[in-house]
Amino acid sequence: MAGLVFTCWARVILGRNWSGVVQLKQDHELIVRGPYSIVRHPIYTGLLLAFLGSALAVGEWRALLAAFIVGISFWRKLRLEESWLCELFGDQYRDYMARVKALIPWVL
C-alpha cells in the first residue's frame, strides 16, 4: 500500500506534466518538490515497491522475477525520459540528477 500511496502522491504533484508515454509537453516544467525531492522517478519507485510487496505476499519466486523484469523496463524508460529532460532543461536537470537519486533514495 505504501508504494501505491507514494505513486499517487507523485502523480498529483506532477499534475499536467504527466503522460502515459514519454513526451515533452508545451510549457513543460521541472517538478522537484514533494516526492520528486526524494527520488527523480517516484511513480516508478512507488509502483516497484507495490510490485515487490505483492511478490513477497504471494511468496513465489516467479513473482519476484516479474517484479525484477518490471524494474528493468522502468529503468529503460526512465533513461529515455532523462535524456529528453536533459535536452529540455539542460544544466538545471543535470544539477537535479546530481542531488537526487533516480529510484532509491541515497542509493540508485
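Helices H2 and H3 pack with their axes 9 Å apart, at an angle of about 175°. H2 and H3 are therefore roughly antiparallel to each other (angles over 145 degrees count as roughly antiparallel, under 35 as roughly parallel, 65 to 115 as roughly perpendicular and the rest as oblique). Axes here are lines fitted to C-alpha atoms, for helices over the stretch in contact, and angles run from 0 to 180 degrees between N-to-C directions. Helices are DSSP runs of H or I with at least four residues, numbered from the N terminus.

Before going on, please note that this is a predicted model, in which local features need pLDDT of at least 70, side-chain atom pairs count only at pLDDT 80 or more, and totals for chains, interfaces and linings use all residues. Residues are numbered from 1 along each chain as its sequence is written, and side-chain values use heavy atoms, leaving out hydrogens and water.

The predictor's confidence in each residue is its pLDDT, from 0 to 100. The chain averages 90, and 92% of the residues score at least 70. Among the elements of the chain, H3 (residues 61-89) has the lowest mean pLDDT, 93, while H4 (residues 91-99) has the highest, 96.

Here are the helix pairs side by side.

| Pair | Angle | Axis distance |
|---|---|---|
| H1 and H2 | about 165° | 7 Å apart |
| H2 and H3 | about 175° | 9 Å apart |
| H3 and H4 | roughly 130° | within 6 Å |

Let us look at who touches whom, with contact meaning heavy atoms within 4.5 Å. On the H2 side of the pairing with H3, the residues include Tyr44, Phe51 and Val58, and they meet H3 residues including Ala63, Phe74 and Glu81. By class, this contact has 14 nonpolar, one polar and two charged residues. Ala, Val, Leu, Ile, Met, Phe, Trp, Tyr, Cys and Pro count as nonpolar, Asp, Glu, Lys and Arg as charged, and the others, Gly among them, as polar.

H1 (residues 2-14) packs against H2 (residues 42-58) at an angle of about 165°, which makes H1 roughly antiparallel to H2. The residues of this contact divide into 10 nonpolar, four polar and one charged.

H3 and H4 cross at roughly 130°, which makes H3 oblique to H4. Glu82 and Phe89 are among the H3 residues in this contact, and Tyr93 and Met97 among those of H4.

Glu82 also forms a salt bridge with Arg40 (a side-chain nitrogen of Lys or Arg within 4 Å of a carboxyl oxygen of Asp or Glu), the closest N and O atoms being 2.5 Å apart. Because Glu82 lies in H3 and Arg40 in the loop between H1 and H2, the pair ties together parts that are 42 residues apart in sequence. The structure holds four salt bridges.

Definitions and conventions: Helix = DSSP H or I, 4+ residues; strand = E, 2+ residues; numbered from the N terminus.
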